[in-house]
Amino acid sequence: MLLRMRHLYVFFLSLVILWMGLVCIFLSWPNSEGRRIWPRITTGHTLREARAVIPPDITKDDGNDMKTRQRSDEKDVYFLHQPDRPDEVVSVKKGFASVALRGDWPPEPIPNEPDFAVVRSLFNITNAGDGGLGFGIDPQKLPPEEQKKYNNALDVHAMNEYVSNLIGVRRRLRDVRMEGCAERYSSAGLPQTSIIICFVNEAWSTLLRLVHSIHDNTPPHLVKEVILVDDGSSWDFLGRPLDVYMARFPKVRIVRAKSGLGLMVARMYGYKYTTAPTITFLDSHCECLPGWLEPLLMPLVADPRVVTTPSIDAIDQNNYGITAGPEVMVGVVEFPSLTFNWRNPPPRERRRRTSNIEPIRNPAMAGGLFSITREYFDLLGGFDPGMKVWGGENIEMSFKIWMCGGRIETPVCSRVGHVFHKHASYSKIRQGAQEAGEANNARVAEVWMDDYKKYYYDEKKNGQFYKPGDVSERRRLRERIGCKPFSWYIENVYPEVAIPSDGVYSGELRNMATPNMCLDMMTSEEGKQPAMYLCHGQGHAQMFDMTDLGEIVSLGCCLRHRGGNVYVAKCTWSSESHIWEYKDKLISRHNNCLTVNATQHVVMEECSGKKSQQWTWNYHRPRRKNVLRIEEM
Ligand code: UD2
Ligand code: MN
């Protein structure tokens with residue numbers, strides 16, 4: 001009896017051991033993306049583990065006061081990464097040291113990693129990209145092996161990752177703020193923020209430069225934590241090597257999604273780990289310039305429903321030079337496509353701003369870079385968990401921020417660089433971004449746009465992807481918060497919008513001298529001339545809307561007059577040559593009238609009231625009261 005019991009005991013024990021063995025093998029088996037499940041489950045534990053690898057003295061963070069750094073003209077207070085000398089620890093002056101350079105590059109080479117010794121023998125890459133300037137090399141001078149990497153990098157990352165690697169993981173950035181910015185914003189009394197950065201297959205050098213730029217250009221006490229959300233990357237160097245690297249930043253935490261969640265869900269996943277009263281989102285290929293954060297946080301103190309976005313400077317995808325835009329722009333959403341765009345500030349906004357460092361108000365935001373209070377983010381229900389991969393979430397956020405009592409402001413003193421790629425680096429493992437974007441937009445239309453959603457569906461009538469899925473939860477959310485109707489948003493936030501078939505005057509433009517002929521925009525190519533064409537009743541290039549600003553729009557382009565000529569032009573909201581008057585059938589500007597000439601083209605002639613100057617539209621609605629026209633400024 002006792003013997004049988006012992007047999008049974010041994011039998012069950014071996015079963016348990018066998019089972020545990022199988023689990024271990026399963027966990028360490030590479031998955032379809034070539035990464036093991038086990039080491040990928042990395043939050044605090046692995047970080048602690050990883051930190052042990054780094055000698056304690058180089059994880060020390062004794063604070064880098066931004067102001068002091070800017071005033072200093074001693075070069076060696078900065079320490080630049082020298083990718084070709086990874087073992088060098090540059091001496092740093094007291095008060096600035098926080099990061100050492102040992103192990104800046106992953107222990108294993110990353111794909112396409114330049115052979116620094118070879119490149120160095122050919123080019124001077126010391127301080128490449130210093131100050132935020134562009135840096136380039138002539139790839140023809142590289143040996144064939146390196147040339148291959150150079151080209152391959154362009155292909156894989158949709159940017160010149162080879163050059164990015166030469167610049168390294170850390171560089172100094174010039175203070176490009178406008179005069180008055182430094183005095184206007186200080187870090188005193190500001191709340192802390194948690195920074196969330198989602199990434200999927202981001203290049204090593206761009207991701208690390210971002211984290212370094214945050215570290216270098218932000219008063220440390222403002223940052224509670226930086227949450228890096230790995231949204232299912234398939235590249236090995238973004239696994240443990242990244243953990244090991246980031247261990248030097250005590251405030252950085254890496255959390256990993258077990259499978260690709262898509263940007264919106266990944267952001268909400270990262271959000272769970274945040275603890276600060278404000279949240280700041282960034283794309284994974286940004287660089288934060290000196291003084292970037294204070295202006296984003298300060299407006300949140302006065303009004304917790306304000307959402308701030310920085311001025312986004314373009315980081316050149318070929319040479320990584322950071323250039324400030326030519327002037328302040330506002331973010332808008334184009335109708336009916338619901339795509340995001342930049343425009344000149346409308347006259348209303350130009351009049352409201354009293355100086356060029358005054359924050360600017362945007363009807364919409366680009367989406368990737370913004371700060372928001374936890375309070376308002378929670379009230380708005382964060383990002384829509386029904387949205388997938390990419391796109392649309394910025395439009396949803398924009399609409400609800402305004403409609404639920406807040407506003408979107410760009411404190412123009414805040415500057416953050418962003419690499420605008422040709423296409424996404426993750427497109428190979430995260431397909432369907434375009435389809436997802438359309439479905440996401442459809443969710444926005446269904447939940448937030450009331451009757452105006454018909455314009456989106458009109459535009460997408462041939463689209464296969466406008467399947468919004470179940471939006472009942474999001475509708476309930478809107479009801480619960482008690483947000484304003486979409487018509488309020490149009491009237492008050494975005495009255496300058498051009499919505500096809502919803503202009504002050506709208507429809508076909510017929511001329512009294514040429515019955516059966518309609519004005520036809522012909523093309524959306526700038527500089528081309530519109531002409532009269534047989535009316536076809538199909539809308540499209542024969543559909544014209546006069547906006548409340550006085551533009552005449554078709555195919556998303558404006559009619560522009562100059563001298564005697566009339567052209568197709570990009571709408572800008574700022575050019576007088578796009579503005580028209582419609583009165584007593586005459587379409588005019590400064591006593592010159594839109595006239596059909598003998599060759600059936602439209603030209604500008606002095607107004608006489610003759611038949612070829614008389615036009616009719618199909619529809620008319622009252623003007624929106626909140627629009628300020630250029631001539632009224
Ligand atoms: C813009 C925004 C971006 C987002 C997007 C619309 C800026 C500068 N960028 O496009 O933040 O609002 O419009 O959705 O305003 N990512 C994931 N998981 C995914 C897909 C992307 O984590 O499934 C990451 C990606 O690595 C990147 C970020 O999300 O860091 C934004 O993606 P993007 O850079 O391709 O978007 P972008 O700049 O074209
Ligand atoms: Mn981006």
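I call a residue buried under 20% relative accessible area, exposed over 50%, and partly exposed in between, using a 1.4 Å probe and protein chains only.

I am working on a predicted model, where local features need pLDDT of at least 70, side-chain atom pairs count only at pLDDT 80 or more, and totals for chains, interfaces and linings use all residues. Residues are numbered from 1 along each chain as its sequence is written, chains are lettered from A and ligands numbered from 1 in the order written, and side-chain values use heavy atoms, with hydrogens and water left out.

**Loop between strands 9 and 10.** I take strands as DSSP runs of E of at least two residues, numbered from the N terminus. Strand 9 covers 330–334 and strand 10 covers 339–343. Proline 336 sits in the loop between them. I found a cis peptide bond from phenylalanine 335 to proline 336, with omega about 0 degrees. Leucine 338 is in that loop too. Its phi is positive, near 60 degrees, and it is not a glycine. Leucine 338 is buried at 3% relative accessible area.

**Tyrosine 320.** I looked between strand 7 (311–315) and strand 8 (322–323) and found tyrosine 320 in the loop. Tyrosine 320 is not a glycine, yet its phi is positive, about 65 degrees. Tyrosine 320 is buried, at 0%.

**Sheet.** I count two strands as paired if DSSP finds at least two bridges between them. I traced an open sheet of 4 strands, order 5-14-7-8, with mixed pairing. Strand 5 (286–288) and strand 8 are at the edges with a single partner strand each, so one side of each has no neighbour in the sheet. Strand 7 runs parallel to strand 14 (residues 415–419), joined by 5 bridges. Isoleucine 312 has valine 416 of strand 14 as its bridge partner.
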